[in-house]
Amino acid sequence: MTLGDLVVRRSYGGDVTFRVEGIRQDKAIIKGTEFRLLADSPVNDLVKVPAASMSDKTRKAYIKANQSLSHLQQDRQHQMERSRSILSEQSQDSHISYFELPGKVLHLDGDANYLNKSLNLYKQLRVPAEGYHVHESAMADTLYRLLPRSRPSIVVITGHDGVLKQRVPYDLSNLSSYKNSQNFVAAIQVARQYEKNLDGLTIVAGACQSHFEALIRSGANFASSPGRVLIHALDPVYIAAKASFTSIRETVSMSDIFHHTISGSQGVGGIETRGSYRVGLPRLEDLSTLKVTPSAI
């Protein structure tokens, strides 16, 4: 067993594929390849799998993630067509040109690998986004500094979380039973102090098994995890992208959130929230092509 090996856990029936991140004596630190799960495991409980191999659950999540991406791209095209149709009706010009202002995303992630995956997906979807790898305990302070400078429409607060194994019997209503939910709550509170209007700043928060109710009560629009299940690494990105390209005239479709996130309604939930997408007139010009006669003295 070496760093970087792909493995599954024998005691869990090989349900999730992990990558070995560290080895300490007889225990390994393992991270889900598709799910936001960071765990430790006895080395003798791990079974190495080929690089091209995936557990059944991980393979299904991979397929679902690709389907979700395809759905977002279709949504993107439909939004463009709706915007063009509405503007054409208003101006009675079928050839009207316009520019788009999708909502900007500020993404804080406690995991550098997942952050890079997220930023690549934002880029692929043409969602304006900036992201930072920040330890969960430092997210509140980081947001306090970044929000006035970044001025995003959407904030994503995610990383690693989970119900602590050593708290048995555990109390799911108590924040102390969770690895990082209290840190997410603190970050949400800072963001909500910056912008109190729930439609003025959309907050997407949480990770695997997070305290959903506490995150929503603290001011998140969307959060994980109602059923205290594992969530896919890109579920928060799907929600943020959906909000970014949903018109300000509409609310983000909760049905789409439930049906097209990988973890579904047991993994994510939220409240009615307006989208952040706007259009403007006329189309922004390529300034290098303009022929202008200077007039100022």
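Residues are numbered from 1 along each chain as its sequence is written, and side-chain values use heavy atoms, with hydrogens and water left out. Because the model is predicted, local features need pLDDT of at least 70 and side-chain atom pairs count only at pLDDT 80 or more, whereas totals for chains, interfaces and linings use all residues.

Helices (H or I, at least four residues) and strands (E, at least two) are DSSP runs, numbered from the N terminus. Two strands are said to pair if DSSP finds at least two bridges between them. Six strands form an open sheet with mixed pairing, in the order β8-β7-β9-β10-β11-β12. Its edge strands, each pairing on one side only, are β8 (129–133) and β12 (269–270). Helix α3 (residues 139–150) packs on this sheet and touches β7 (105–109), β8 and β9 (154–158); contact means heavy atoms within 4.5 Å. The direction of α3 makes about 160° with that of β7, where axes are lines fitted to C-alpha atoms, for helices over the stretch in contact, and angles run from 0 to 180 degrees between N-to-C directions. Strand β11 (residues 222–223) pairs with β12 in the antiparallel sense over 2 bridges, and A223 stands opposite G269 in β12.

Strand β1 (residues 6–9) pairs with two strands described here. It is joined by 2 bridges to β2 (residues 18–24), the two running antiparallel, and L6 has R19 of β2 as its bridge partner. With β5 (residues 46–48), β1 pairs in the antiparallel sense over 3 bridges; V8 has V47 as its bridge partner in β5. In a regular strand the side chains alternate between the two faces of the sheet. Both faces of β1 are covered, with L6 and V8 buried on one side and V7 and R9 buried on the other. Buried means under 20% relative accessible area, exposed over 50%, and partly exposed in between (1.4 Å probe, protein chains only).

Helix α6 (residues 235–244) is largely enclosed by the rest of the structure, because 10 of its 10 residues are buried. Among them are D235, Y238 and K242. In helix α4 (residues 181–194) lies N183, which counts as buried because its relative accessibility is 18%. The side chains of N183 and N180 are joined by a polar contact of 2.8 Å. A polar contact is a pair of N or O atoms within 3.5 Å; within protein, one must be able to donate a hydrogen and the other to accept it, and residues adjacent in sequence count only if both atoms are side-chain atoms. Not counting residues up to four places away in sequence, N183 touches E136 and S137.

Residue T261 is located in the loop between α7 (254–260) and α8 (264–267). It is buried, with a relative accessible area of 1%. Its side chain reaches the backbone oxygen of I257 at 2.5 Å, and a polar atom of that side chain lies 3.4 Å from the backbone nitrogen of G264.

The largest pocket holds about 660 Å³ of space. On a 1 Å grid over the protein atoms alone, a pocket is an open set of points where a 1.4 Å probe fits, with protein on both sides within 12 Å along at least five of seven lines, and lining residues have an atom within 4 Å of a point. Of the 23 lining residues, the closest to the pocket centre are L37, L38, A39, V163 and K165. Strand β4 gives the largest share of the lining, 5 residues.

How values were computed: Grid points are joined across faces, edges and corners, and a volume is the space filled by probe spheres set on the points.
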